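Have the viewer open and work through them in order.

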Amino acid sequence: MKKLKKLKISLAILLFVFLFIQIYRPNIPVEHHKGDTPILFSNKVDAILKKSCYDCHSNQTDLKWFDQITPVNFLIADHIKKGRSGLNFSDWGSISRPDQNAKLWEAVNQIIQGAMPLKSYTLLHSEAKLSVKDIQVLKDYLSSIAPKQIPDTAKVNALNRQYKNWTVEKPAAEFKDLPVDINGITFIPDYKNWVPISSTQREDNGTMRIIFGNDIAIKAIKEHQTNPWPNGTILAKVAWDQLKDNRGNITPGIFKQVEYMIKDNHKYRSTAGWGWARFKTPKFEPYGKTPSFTTECINCHRPMENNDFVFTPPLEH
């Protein structure tokens, strides 16, 4: 009887604490639209995104009853805050067309790779899972808005001008002062001598990319030690315009930019263990006006957190 009494008291205390903490709730701003919302893409695409993405990536969050229970609602609020900061479809009209295409491209590719929606979200929101048919609809839409790869005289002329300038300019390695980005990361000209480990293509903006790895990265790949990558790893992703001739052959056009991911768990602890930097144009102009630009990088790569924030796996030999 005493044990039963103690159990009842313990349960009563737990119930009281549970009810008491319901007073504390995070602020989750939600917009309630009357009537139909504007079509951003197409009826089919919008329906898929609203079902699977809008709860965290728009202001039209549909909170279920279990999402509003403390302390679960604090976790949900954190997901929504991070989701909206990286991509918010409610602000879509304020984004430039190139940035719209880039964000949609990144979002759909994260879905294709299974990084989105988060598994922790679909565990309780099974309706957000995308079917094979849903994914194909998104793929088809991306293909429909991608620039058509046709012979482009303007791009060829731009390449010829850039190549001519490059042959008479002093190589970056000989510069007295190498460019340094806002976070203190210095441009690394030696990436040109590293080993290519993979490639990617961006149909949304007509670019092709090659990813290079330094010696530490190559050693990690050979030893299958890439999750996590060891400290000292440097990955360089180089982007060029993509050219297509009359025969369908694809070749690189003008140089666009080089991006670095530098692994150091201690030095870059606040940015997921990676240093992020981007240098654009043949003059290697640093990207980002404030140190916070790395938030953009981390938000993009966050869905690949379980893969040490790296999207493209190295080619196996």
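Helices here are DSSP runs of H or I with at least four residues, numbered from the N terminus. Keep in mind that this is a predicted model.

**Exercise 1.** Work out how Lys 82 and Asp 78 are placed relative to each other in helix α4.

Solution. Start with the contact: the two side chains, Lys 82 and Asp 78, form a salt bridge at 3.3 Å, N to O. Next, look at the spacing: they sit 4 residues apart in helix α4, so about one helical turn separates them.

**Exercise 2.** Find which residues are linked with Lys 64 in a network of salt bridges.

Solution. Take Asp 62 to begin with: its side chain meets that of Lys 64 in a salt bridge of 3.4 Å, N to O. Then go to Glu 127, whose side chain pairs with Lys 64 at 3.8 Å, N to O. That pair ties together distant parts of the chain, 63 residues apart: Glu 127 lies in the loop between α6 (119-122) and α7 (132-145), and Lys 64 in the loop between α3 (54-57) and α4 (72-86). Put together, Asp 62, Lys 64 and Glu 127 make up a salt-bridge network.

**Exercise 3.** How many salt bridges does a search of the whole structure find?

Solution. The search turns up 9.

Note on methods
Residues numbered from 1 in each chain as written. Predicted model: local features only at pLDDT ≥ 70, side-chain atom pairs only at ≥ 80, totals over all residues. Heavy atoms only, no water. Salt bridge = Lys/Arg side-chain N within 4 Å of Asp/Glu carboxyl O. Helix = DSSP H or I, 4+ residues; strand = E, 2+ residues; numbered from the N terminus.
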